Amino acid sequence: MMTTTTHSTADLAEVLFASTLQASEAPTAAQIRLAIDQGLRILNEDCMACISCVAQEAGDHPDAFARRMHWALRTVQSLYGSQTA
């Protein structure tokens, strides 16, 4: 079952990107949703801390950033589909 959210796909992907989950661990949909929900609660619905983390990684490790963000975006899209803002 998909959860409705008011966050954009990009916002949710940034939260997933900043989580400790790794694509290589093949996390389940439930684990991914939990990580995103926990990340949003920790950030208190404010993605600025997340954006800072993502930007830092993009600058420090551009190749790894591209792979991880691609995974995060693809994963969020597959879980939440077009329900995101």
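Which residues in α1 meet F65, R68, M69, W71, A72, L73, T75, V76, Q77 and Y80 in α4? Select T9, A10, L12, A13, E14, L16 and F17 in α1 to see them; contact means heavy atoms within 4.5 Å.

The model is predicted, with local features needing pLDDT of at least 70 and side-chain atom pairs counting only at pLDDT 80 or more, while totals for chains, interfaces and linings use all residues. Residues are numbered from 1 along each chain as its sequence is written, and side-chain values use heavy atoms, with hydrogens and water left out.

**α1 and α4**

Show residues 9–18 as helix α1 and residues 62–80 as helix α4. Helices are DSSP runs (H or I, at least four residues), numbered from the N terminus. The two pack at an angle of about 125°, with axes 8 Å apart. Axes are lines fitted to C-alpha atoms over the stretch in contact, and angles run from 0 to 180 degrees between N-to-C directions. α1 and α4 are therefore oblique to each other (under 35 degrees is roughly parallel, over 145 roughly antiparallel, 65 to 115 roughly perpendicular, the rest oblique). Their crossing is right-handed, meaning that the near helix is turned clockwise from the far one by less than a right angle.

Colour the residues of the α1 contact with α4 by class: 12 are nonpolar, three polar and two charged. Ala, Val, Leu, Ile, Met, Phe, Trp, Tyr, Cys and Pro count as nonpolar, Asp, Glu, Lys and Arg as charged, and the others, Gly among them, as polar.

**Charges over rings**

Now select R68 and F17: R68 lies over the face of F17, at 5.5 Å from the ring centre. Then go to Y80, where R33 lies over the ring face at 6.0 Å from the centre. The criterion is NZ of Lys or CZ of Arg within 6 Å of the ring centre and within 35 degrees of the ring normal.

**α1 and α2**

Finish with helix α2, residues 29–42, whose axis comes within 9 Å of that of α1 and crosses at roughly 95°. L12, V15 and L16 of α1 touch I32, A35, I36, G39 and L40 of α2.
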